[in-house]
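Here is a short note for a colleague opening this structure for a first look. Please keep the view open while reading the points.

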Amino acid sequence: MENKKKVRILSLDGGGIRGIIPATIIKYAENYLQERRPGTTIADHFDLIAGTSTGGILTGIYLTPQEENKNKAKYSATDAFNFYVDNGHAIFNASKINGIKRLWGLGSAVKFNPQNLEKLLKEKVGDLKISELMKPCLITTYDMNRKSSFFFTSTEDTAKREFLVRDILRSTSAAPTYFPPAKIKNLASGPQKDTRCNNMVNLDGGVFANNPTMCAYAEARNTNFKDRANNEPSASGMHILSIGTGGGGFKIENKEKSDRWSLLKWAQLIPEIMMDGNIDTVAFQMNEIFQVQQANNEESYLRIDTPQKDRTYASDMSNASPENINNLKKAGEKTLEYAISKGLDKFLDALLD
């Protein structure tokens with residue numbers, strides 16, 4: 001099958017302020033592709049972008065169109081990178097909630113006030129609706145009303161479901177104990193409206209898909225890509241670039257005494273354990289799928305994550321101190337070096353028709 005017939009998919013993991021790492025990779029990828037296709041952005045080179053949490057925010061930024069030209073991206077990959085570097089402190093450190101009740105779990109266990117994040121998202125995407133994004137996308141969340149996973153997709157029937165992009169990005173980043181759940185509404189109207197989405201209460205999609213690559217793969221299998229020659233593709237008809245955020249650095253101390261841990265101790269660790277456990281599992285599953293379908297074809301599936309030796313930043317994914325942001329920028333550059341050694345340039349070349 002020729003490269004031009006393949007569906008091109010970008011998948012971005014969750015990880016809070018560690019979004020600096022995938023943002024570094026995409027900034028390089030966009031510059032690399034622009035040298036060969038001047039005037040393009042990352043949205044021009046992928047047919048589907050999927051993201052969880054911080055990856056969902058990046059997805060929304062990459063796919064936001066210009067007001068005057070809906071076929072051109074409003075933001076560059078550099079703009080997305082700067083969003084984290086410039087605003088990380090406001091989103092996390094400056095929004096931290098203090099108080100004895102929060103510390104001891106007697107009141108709200110949420111660490112951060114979401115007002116700064118919500119303000120920044122509104123400034124970035126305004127009243128843009130998901131159906132108005134440039135390309136098909138998939139952004140994860142957990143619907144507490146239905147007690148199930150939920151996928152925001154830009155190809156749905158707007159008579160049934162329609163959402164503000166800023167509400168979606170708030171939903172996918174509502175990590176338990178970090179931000180409170182997002183309360184959002186379905187904007188669709190008329191007799192076909194999905195009333196189950198009228199008043200959603202949503203959590204971070206990382207509780208079930210911190211690595212959303214398998215979700216993106218399944219979505220692509222059932223999507224009619226109108227501008228591609230290969231619709232509803234199998235693995236042999238896909239190029240997938242999956243980028244991690246260098247997670248797994250959190251510490252589990254006194255494991256030998258875990259049978260005597262308090263409820264508060266478990267509550268502090270469970271979100272990290274759940275989100276981190278999904279990442280490697282999905283990476284393994286995707287690798288098995290593509291090895292079976294296309295042995296030795298690294299141009300079809302490329303997984304990039306920060307090498308263990310370069311994870312010298314803080315394990316806390318909400319640490320946006322100047323020192324840690326600098327460490328994450330350095331880790332992003334190290335991850336980029338690793339990605340290039342794994343064949344990133346060759347993969348990007350294969351994306352070009």
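This is a predicted model: local features need pLDDT of at least 70, side-chain atom pairs count only at pLDDT 80 or more; totals for chains, interfaces and linings use all residues.

1. Leu117, Glu118, Leu121, Lys122 and Val125 of helix α5 touch Val165, Arg166, Leu169 and Arg170 of helix α6. By class, this contact holds five nonpolar and four charged residues, and no polar ones.

2. Now the geometry of that pair. Two packed helices are described by the angle and the distance between their axes. Helix α5 spans residues 115-125 and helix α6 residues 165-172. Their axes come within 9 Å and cross at roughly 140 degrees. The crossing of α5 and α6 is right-handed.

3. Side chains of opposite charge can pair when their charged atoms come close. Arg170 and Glu118 form a salt bridge, at 2.9 Å from N to O. Arg170 belongs to α6 and Glu118 to α5, so this pair ties together parts that are 52 residues apart in sequence. Are the two partners buried or exposed? Arg170 counts as buried, because its relative accessibility is 5%, under the 20% cut-off. Glu118 is partly exposed, with a relative accessible area of 36%.

4. Turn to strand β7, residues 238-243. The strand is mostly covered: six of its six residues are buried. In a regular strand the side chains alternate between the two faces of the sheet. In β7, Met238, Ile240 and Ser242 are buried on one side. His239, Leu241 and Ile243 are buried on the other.

5. Which strands pair with β7? One is β1, residues 7-12, which runs parallel to β7 and is joined to it by six bridges. Ile9 stands opposite Ile240 of β7. Another is β8, residues 301-304, which pairs with β7 in the parallel sense over four bridges. Here Ser242 stands opposite Arg303 of β8.

6. How many salt bridges does the structure hold? The count is 14. One of them joins Arg311 and Asp305, at 3.7 Å from N to O. Asp305 counts as buried, at 16% relative accessibility.

7. Lys309 and Asp310 also meet in a salt bridge, at 3.2 Å from N to O. Lys309 is exposed, at 68% relative accessibility, whereas Asp310 is buried, with a relative accessible area of 11%. Elsewhere, salt bridges with shared partners link Asp143, Arg146, Glu156, Arg161, Asp194 and Arg196 into one network.

Technical notes
Residues are numbered from 1 along each chain as its sequence is written. Side-chain values use heavy atoms; hydrogens and water are left out. Axes are lines fitted to C-alpha atoms, for helices over the stretch in contact, and angles run from 0 to 180 degrees between N-to-C directions. Helices (H or I, at least four residues) and strands (E, at least two) are DSSP runs, numbered from the N terminus. A crossing is left-handed if the near helix is turned anticlockwise from the far one by less than a right angle, and right-handed if clockwise. Contact means heavy atoms within 4.5 Å. Ala, Val, Leu, Ile, Met, Phe, Trp, Tyr, Cys and Pro count as nonpolar, Asp, Glu, Lys and Arg as charged, and the others, Gly among them, as polar. Buried means under 20% relative accessible area, exposed over 50%, partly exposed in between (1.4 Å probe, protein chains only). Two strands pair if DSSP finds at least two bridges between them. A salt bridge is a side-chain nitrogen of Lys or Arg within 4 Å of a carboxyl oxygen of Asp or Glu.
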